[in-house]
Amino acid sequence: VLVRPSYVLSGAAMNVAFNDDQLKYFLGMAADVSQDHPVVISKFIEGAKEVEMDAVAKDGEVVVAAIHEHVENAGVHSGDATLLLPSESLSPFMKNRVKTYTKKIAKALNISGPFNIQYIVKEDNCMVIECNLRASRSVPFVSKTMRLDFIEVATKVMMEENVDDVKFNDTKQWEGPREYTAVKAPMFSFTRLAGADPVLGVEMASTGEVACFGSNKHEAFLKAMLSTGFKLPKKDILLTSCPTLFHRLTPVAYTLTSLGFTVWAPGSTYEHLVTKGVDVKLASMPLSKSEGEGKGIDACALIEDRTVDLVINLPSARSTDVENNRTIRRKAVDFGVPLLTNVNLVELFAESMDKFKKEGMTGLQPDHLFHYYEQETPEETWTSPKEFH
């Protein structure tokens, strides 16, 4: 179940409880944060996709709208999620459901102004998480991608001005551009938070965000990752995972090894990948009395001596080797080694690297601004007599 305190920002003290002990503990935390108001307990749906709708309505009729999806499954705070516009995984049936429900909600609440609806999508079910009668943090991203200033439209609505000239008359326009893709990625400051566990959850942890365009989702995704300070791996990669995600990690490991990367894995992760025919090297967990102790090179040592330049650590709420995995994640952050902890994100990363290595992509090796100016020809530099670079 999901435990949600009242009147908090960014999901503060919000947690997912998987047993009675966790529920008791999280209820105590929620009470400390908001003592005078009730705690909401709701069903948490695992393995579901989260979809968002940013829109502006006038007198209950939707004027402009945009559907975008999270790369990560529901359970990661929307402020920490990687957003994709246009959505590529939603079926026409599910897009129609999202559009229909958005229209009904706008009409029922007689909305005039900006609003944001978060949906959970699983199998053939589409459910509403919440509807916020305000502009969301994703509106600037949506406005840039849709080439239309949603806030300007909302302002016109609130000032009772005519918006017929900008109104989307076809709900197909809600699905976003067809000629390019945009990705918004979060930025984190875990390096400045000593001891903090750098793993994503329902409580927001990001401190910034970037957005990039690409000819496809893979190009836009890698551009966005690079813009956050992420560095693409060049040599070795460390993989660790809880057993429940082995079936999703195996294709990722195979893709990375086929691209020429040396992959290290400890304990049961190593054993599973070897049984599946993936070429990996043996590492060991960092703490004593751990699985694989005394076998292979210590995972933290691989990070400290820069043998690996990417760490993929995939925990779950039911992980048993909690301290070892937390130690590896923290070590990666402390030594400035890029870290990925979400399986959906890791799968998209592997797909994108495969496409980048085999087909090439535009704009993944950007120059410094002044280097760019130096490369311009005189004809490219001057577009008007008064322009100065």
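Author: The lining of the largest cavity consists of Asp 54, Ala 55, Val 56, Pro 114, Phe 115, Ala 135, Val 139, Phe 150 and Ile 151. This is a predicted model, in which local features need pLDDT of at least 70 and side-chain atom pairs count only at pLDDT 80 or more, while totals for chains, interfaces and linings use all residues. Residues are numbered from 1 along each chain as its sequence is written, and side-chain values use heavy atoms, with hydrogens and water left out.

A cavity is a set of points on a 1 Å grid over the protein atoms alone where a 1.4 Å probe fits but cannot get out, and lining residues have an atom within 4 Å of a point. The lining comprises 8 nonpolar residues, no polar ones and 1 charged; Ala, Val, Leu, Ile, Met, Phe, Trp, Tyr, Cys and Pro count as nonpolar, Asp, Glu, Lys and Arg as charged, and the others, Gly among them, as polar.

At least two lining residues come from each of strand S4 (49-58), strand S7 (113-122) and helix H4 (150-158), where helices (H or I, at least four residues) and strands (E, at least two) are DSSP runs numbered from the N terminus. S4 gives the most, with 3 residues.

Within H4, Phe 150, Val 153, Ala 154 and Val 157 are buried, that is, under 20% relative accessible area (1.4 Å probe, protein chains only). Seen down the axis of H4, these buried residues fall within an arc of 100°, so they line one face of the helix; the arc is that of the directions from the helix axis to the C-beta atoms.

Notes. 1 Å grid on protein atoms, 1.4 Å probe; cavity = no way out; pocket = protein on both sides within 12 Å on 5 of 7 lines; lining within 4 Å. Buried < 20%, exposed > 50% of the residue type's maximum accessible area, 1.4 Å probe, protein only.
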